[in-house]
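Trainee: Could we go through this one together?
Mentor: Gladly, take a look first and then ask away.
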Amino acid sequence: MYMSQLYSPTLRETPADAEIASHQLMLRAGLMRRSAAGMYAFLPLGLRAIRKVEQIIREEMNAIGGQEVLLPIVQPAELWEESGRWGDYGDEMFRLKDRQGRQFCLGPTHEEIITALVRSEVRSYRQMPLRLYQIQNKYRDEIRPRFGLMRGREFIMKDMYSFDRDEEALDASYWAAYHAYARIFARCGVEAHPVEADSGAIGGDVTHEFMVLADSGEDLVLFCPKCEYAANVERAESVRTPVQREEKPELGELAKAATPGARTIEQISEFLQVKPEDCIKTLLYVADGKVIAALVRGDHNINEIKLRKLLGCETLELADDETIFKATGAPVGFAGPVGLKIPLYADYAVEHMVNAVVGANELDHHMLNANLERDFQVEVFADLREAQPGDPCPRCEGRLEGARGIEVGQVFKLGTKYSRAMGATFLDENGKEAPMVMGCYGIGVGRTVAAVIEKNHDDDGIIWPVSIAPYHVIVVPVSMKDEAQAEAGQKLYEELQAAGVEVVLDDRNERPGVKFKDADLIGFPIRVTIGSKSLEQGAMEITIRRTGEKMLVPAADVVSTIENLLKDGETR
RNA sequence: CGGGGCGUGGCGCAGUUUGGCUAGCGCGCCUGCCUUGGGAGCAGGAGGCCGGAGGUUCAAAUCCUCUCGCCCCGACCA
């Protein structure tokens with residue numbers, strides 16, 4: 001490709017609305033352009049990187065017996081009604097009607113449509129395991145699209161679905177995908193750490209997310225430096241420590257204190273001069289229409305996912321002001337467990353608390369010296385809090401550390417949730433009908449590219465790993481007006497092409513500074529500079545983008561040197 | 001959805017508080033000259049119904065109303 005013809009409009013200045021490095025660089029380097037909030041057009045260079053990631057994914061999916069299909073983006077509502085998700089998915093689903101008034105959606109994911117496809121064709125255990133995947137656009141009307149490709153409303157995703165005869169076979173599919181993922185991300189040039197995760201709306205119980213650690217990540221990951229434990233904060237367990245006391249604690253007298261205007265733990269602890277960890281946070285929820293209270297220590301955050309699991313409820317939301325007033329007799333900010341006539345669920349940490357500060361269920365008042373058993377009873381103690389860095393590891397003696405992560409992939413064991421709901425069954429060797437046991441496995445393709453850039457850039461621009469670089473090499477004649485240079489550039493360009501190297505010739509009549517800046521910004525792993533001085537000596541200069549290392553190479557050896565550099569991965 | 005901010009040429013911004021006559025600046029773009037190892041220089045030039053609609057006024061980028069779009073923070077932690 002000639003640089004003069006390449007449609008890659010680079011930007012000298014950083015677009016104002018791009019916040020993180022990958023977003024800024026993808027715009028500046030001319031990889032993509034925004035078309036609407038959370039929607040992007042890919043330009044030639046961006047598309048080439050995307051395609052390379054897709055190709056790596058294909059190879060690894062095929063290697064574990066995956067077969068590629070392409071499913072519709074526009075999906076009929078009926079299928080989603082069968083699985084029950086037409087209602088569940090809510091505002092995040094793009095919905096549309098055809099001219100007959102039939103309802104459709106733009107697929108946010110494809111469990112329904114693939115299950116429908118497979119149920120009508122697969123009848124026998126002999127036809128499984130079946131592993132089908134696609135690389136397709138997905139649509140989610142995100143509440144808040146941001147950070148370019150990190151959280152878009154339209155995004156490219158590889159999704160594989162596995163269909164197996166039983167749990168054991170699913171396990172094999174699951175771990176095959178898990179290990180394929182590790183290979184995929186490694187080949188793309190990023191480290192992606194598998195962490196235990198929550199399965200969210202998709203369902204299922206066993207699931208891992210693959211996280212690229214980066215400060216710009218939207219997820220918080222907790223991991224143990226001493227063992228293998230790593231989990232998304234949504235999932236991370238907090239351990240119950242036994243209550244051990246040398247002697248009976250001295251219980252203070254329950255007393256009411258005026259706390260005008262103090263509604264938050266911060267305000268209360270400030271006002272009463274107590275530590276947040278000596279306060280109990282009383283949160284009122286409506287679970288399937290029933291009002292309950294959840295208690296956590298003042299300095300802890302509740303984990304609603306854990307609460308939801310404990311209660312086993314369909315819907316769970318924080319109570320509104322009116323409900324709170326009805327249940328407690330006080331406005332928001334003054335709820336407490338003492339005298340509260342609704343079921344109380346408390347985090348394990350609350351077991352340890354003595355002489356706690358709690359809301360008094362009365363405007364502008366709190367209670368001091370509230371104590372378990374004596375002053376209030378708790379229905380159930382459970383792990384309800386959000387784990388945080390510094391917490392003990394649930395698996396060993398270590399302490400958890402925290403890091404931010406970009407979720408580039410997730411693998412799920414779905415079980416029979418969809419196959420049961422949608423009647424995807426088969427006959428086993430005894431002629432007995434059973435639901436297929438499913439798994440699903442996603443990779444955000446664009447997000448992976450963005451994550452790679454987050455981890456591979458410097459002040460000058462992108463530093464592509466060779467494996468997904470849009471092009472491997474850029475040949476830069478310093479001056480196109482110099483015939484010897486122009487000719488040598490053209491010749492090298494042709495030789496590299498003949499050798500199968502993906503190469504761009506910067507044939508623009510620009511000053512060298514401009515060409516170098518663009519080359520660095522776009523991030524070609526290797527640059528060959530052809531200048532008059534070196535050329536007179538019959539040499540060219542090879543620069544490695546990642547290290548900045550320069551080497552003067554005899555013109556005759558340039559192609560073989562580059563081939564070796566690309567092969568041994570020194571430029572990665 | 002709540003809070004904050006922003007919409008002025010392809011990009012980055014000034015001008016808006018205190019309405020005023022040809023709407024500016026830098027980058028980019030076009031032409032010519034010149035220059036060629038890290039975003040050169042000189043000269044000339046193109047390009048903007050100031051997001052949109054309505055209103056106030058002799059006069060609106062500027063004031064008022066409505067609307068659309070975008071960005072950031074938060075989204076129930078009492």
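Trainee: How do the residues of the surface near RNA strand B divide into nonpolar, polar and charged?
Mentor: They divide into 22 nonpolar, 12 polar and 17 charged, where Ala, Val, Leu, Ile, Met, Phe, Trp, Tyr, Cys and Pro count as nonpolar, Asp, Glu, Lys and Arg as charged, and the others, Gly among them, as polar. This is a predicted model, in which local features need pLDDT of at least 70, side-chain atom pairs count only at pLDDT 80 or more, and totals for chains, interfaces and linings use all residues. Residues are numbered from 1 along each chain as its sequence is written, while chains are lettered from A and ligands numbered from 1 in the order in which they are written.
Trainee: Which of the residues around RNA strand B come nearest?
Mentor: Of the 51 residues, Ala16, Asn301, Gly333, Gly513 and Gly531 come nearest, and a residue is near if its C-beta atom, placed from the backbone, lies within 6 Å of the strand.
Trainee: And which element gives the most to that surface?
Mentor: Helix H13 does, with 8 residues; helices (H or I, at least four residues) and strands (E, at least two) are DSSP runs, numbered from the N terminus.
Trainee: New topic: how far apart do the C-alpha centres of domain 1 and domain 2 lie?
Mentor: Those centres lie 41 Å apart, with domain 1 covering 21–191 + 418–453 and domain 2 covering 255–382 of chain A, by bounds from an automatic or database domain assignment.
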